[in-house]
Amino acid sequence: MDSFKTLEQLIHFTGMRHGVLTSNIANADTPNYRAKDINFTQALDDEELELKTTAPGHIKKSGDIQGEIKTETSASWEDGNNVEVDMEVAKMTENAMLFQTGISLLETKIRMFKTALRR
Amino acid sequence: MDTFGVFKVSASALEAQKKRMNVIASNMANANSTRTEEGGPYKRKDVVFSSVLMEQSPVELEGVQVVDIAADDTPGKTVYDPGHPDADKDGFVSLPNVNILEEMTNMMMALRAYEASVSAFNISKTMFMKTLELTRQ
């Protein structure tokens, strides 16, 4: 059941990042607007909740995905805005693909469960 | 995930760029207007954009709005044309400070920004549709 949670987080954070990137594109011509982005990091769970790994082949429980909003510090245009529309569109496409990957994996997961239940 | 916030953000950008396009169109249309209601030649206008907070959680979504349409006060060209009805006593006519090339460039920029927001809107739509398709599983 753990992968459901991971996929849910993936979809949640890519959705959030999509919102941030949309704001950047909308404000591509707004003076003094600074571009924002979300950094994904994998936070380690509490040591106690971690599965014991006694052999190198053991799989560790995957940690939670965490998102951290950061403001881009790159050089700005004359009006104090540092949005680069091409970069934002590229990021957005990449992010949307990640989102769709999450959705597809979730679809597969649900189908697997349904197959298992039928037999 | 915010439900429809991203759509509002994209829509605000589309609206703002459209307003900008309208202002550019008036500038270009009035490139030769030497007479206005407030007197003197036409002054080119510029839109002033400002970001506006549309949704607070889970992330701050910032849309854009046109807060002001400001007139550009730089003086335009004056040409010697004594026969012109708006010529002053020395025979000089003040022309609007509209530069067609500048307006064209601005128009291209507005168009590109508009297109980028349309793309963003479409991507948002695809993402939502994909999520909805999960319910059919």
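I take a pocket to be an open set of points, on a 1 Å grid over the protein atoms alone, with protein on both sides within 12 Å along at least five of seven lines. A cavity would be a set where a 1.4 Å probe fits but cannot get out, and lining residues have an atom within 4 Å of a point. Grid points are joined across faces, edges and corners, and a volume is the space filled by probe spheres set on the points.

I am working on a predicted model, in which local features need pLDDT of at least 70 and side-chain atom pairs count only at pLDDT 80 or more, while totals for chains, interfaces and linings use all residues. Residues are numbered from 1 along each chain as its sequence is written, chains are lettered from A and ligands numbered from 1 in the order in which they are written, and side-chain values use heavy atoms, with hydrogens and water left out.

**Entry: contact between the chains**

I looked up the contact (heavy atoms within 4.5 Å) and found 32 residues from chain A and 30 residues from chain B. The two chains bury about 2600 Å² between them, with 69% of it on carbon and sulfur atoms. Buried area here is the accessible area (1.4 Å probe) that two parts lose on being put together, summed over both. Of the area that chain A buries against chain B, 20% comes from A:His18, A:Ala26 and A:Asp29, more than from any other three residues.

**Entry: salt bridges**

I counted a salt bridge where a side-chain nitrogen of Lys or Arg is within 4 Å of a carboxyl oxygen of Asp or Glu. A:Asp29 pairs with B:Arg20, the closest N and O atoms being 3.0 Å apart. A:Lys36 pairs with B:Glu62 at 2.8 Å between the closest N and O atoms. This pair runs from strand 1 (residues 36–43) of chain A to strand 2 of chain B. Strands (E, at least two residues) and helices (H or I, at least four) are DSSP runs, numbered from the N terminus.

**Entry: largest pocket**

I read a volume of about 360 Å³ for the largest pocket. Its lining has 16 residues, and A:Asp29, B:Arg20, B:Asp46, B:Val47 and B:Asn106 lie nearest its centre. Strand 1 of chain B gives the most to this lining, with 5 residues. By class I have 7 nonpolar, 2 polar and 7 charged residues. Ala, Val, Leu, Ile, Met, Phe, Trp, Tyr, Cys and Pro count as nonpolar, Asp, Glu, Lys and Arg as charged, and the others, Gly among them, as polar.

**Entry: second largest pocket**

I noted a volume of about 210 Å³ for the second largest pocket. Its lining includes A:Asp29, A:Trp77, B:Met108 and B:Arg112. Helix 2 of chain B gives the most, with 5 residues. The classes are 8 nonpolar, no polar and 3 charged.

**Entry: strands of chain B**

I checked strand 1 (residues 45–55) against strand 2 (residues 61–71) of chain B, which pair in the antiparallel sense over 10 bridges; pairing requires that DSSP finds at least two bridges. A hairpin of 5 residues joins them. B:Ser51 has B:Val64 as its bridge partner, and B:Val48 stands opposite B:Asp68.
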